[in-house]
Amino acid sequence: MILRIYCKSCSKPNKINSYASDRVELAKEKGDLIKVKCNNCSKTHDYSANDVIAEGSILNLILLVGMIIGTIIIANFLIQYIDKGGIYSMFLLPVGISIPGIIYYSWLLEEKKRIKIFNRFRK
Ligand SMILES: [Zn+2]
């Protein structure tokens with residue numbers, strides 16, 4: 001999850017560095033007025049915690065790539081094992097392949113929940 005504020009002058013997004021999980025926490029951390037200098041137009045404005053929006057971060061994409069690589073590695077390992085392991089190891093393949101997917105999916109659900117909580121709650 002990433003916190004962004006959209007510039008009052010040019011509407012371009014600016015990243016807010018904070019690990020706050022909701023707007024109350026963010027206001028506690030940054031104060032009632034958050035001064036943000038726009039990366040695009042260099043104008044500084046005061047924003048309230050309500051102007052901050054939570055969005056999915058680039059981490060989602062990195063994790064997706066990690067999941068695909070993880071799946072390939074596990075599949076490769078299991079295919080080698082199946083040769084020696086006989087019929088029972090056949091069942092390991094779908095289980096092993098689905099593990100990275102399950103981890104990624106549950107992480108994504110958690111991330112979605114955090115974004116929803118942040119955006120729903122207005123101070
Ligand atoms: Zn701007």
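**Briefing on the chain**

The model is predicted: local features need pLDDT of at least 70 and side-chain atom pairs count only at pLDDT 80 or more, while totals for chains, interfaces and linings use all residues. Residues are numbered from 1 along each chain as its sequence is written. Helices (H or I, at least four residues) and strands (E, at least two) are DSSP runs, numbered from the N terminus.

**Annotation and domains**

- The UniProt record, an unreviewed entry, assigns the annotation "transmembrane region" to residues 58-79 and 85-107. Such annotations are given in the numbering used here, with shortened feature names, and may be inferred rather than shown by experiment.
- The domain assignment divides the chain into domain 1 (2-55) and domain 2 (59-120); domain bounds come from an automatic or database domain assignment.
- The centres of domain 1 and domain 2, taken over C-alpha atoms, are 34 Å apart.
- Domain 1 gives 6 residues to the contact and domain 2 gives 5 residues. Two residues are in contact if their C-beta atoms, placed from the backbone, lie within 7 Å.
- On the side of domain 1 that touches domain 2, strand β5 (residues 52-55) supplies the largest share, 3 residues.
- That side of domain 1 consists of 2 nonpolar, 1 polar and 3 charged residues. Here Ala, Val, Leu, Ile, Met, Phe, Trp, Tyr, Cys and Pro count as nonpolar, Asp, Glu, Lys and Arg as charged, and the others, Gly among them, as polar.

**The nonpolar core**

- The largest nonpolar core has 9 residues in all: L3, I5, I16, L26, V36, A49, V52, A54 and F118. A nonpolar core is a set of buried Ala, Val, Leu, Ile, Met, Phe, Trp, Tyr and Cys residues joined through C-beta atoms within 7 Å.
- A residue is buried if 20 or more other C-beta atoms lie within 10 Å of its own, exposed if 12 or fewer, and partly exposed in between, with C-beta atoms placed from the backbone.
- Two or more residues of this core come from each of β1 (2-6) and β5.

- Strands β3 (residues 34-37) and β4 (residues 44-47) run antiparallel and are joined by 4 bridges. Two strands pair if DSSP finds at least two bridges between them.
- V36 has H45 in β4 as its bridge partner, and K35 has D46.
- The hairpin formed by β3 and β4 has 6 residues between the strands, and S42 in the turn has a positive phi of about 65°.

- Most residues other than glycine have a negative phi.
- S42 counts as exposed because 10 C-beta neighbours lie inside 10 Å.
- S11 is not a glycine, yet its phi is positive, at about 65°. S11 sits in the loop between β1 and β2 (13-16), and is exposed, with 10 other C-beta atoms within 10 Å.

**The segment after α3**

- F121 lies in the segment after α3 (92-120), and counts as partly exposed because it has 14 C-beta neighbours inside 10 Å.
- Leaving aside neighbours within four places in sequence, F121 is in contact with D22 and R23.
- The C-alpha atoms of F121 and D22 are separated by 6.9 Å, although these residues are 99 residues apart along the chain.
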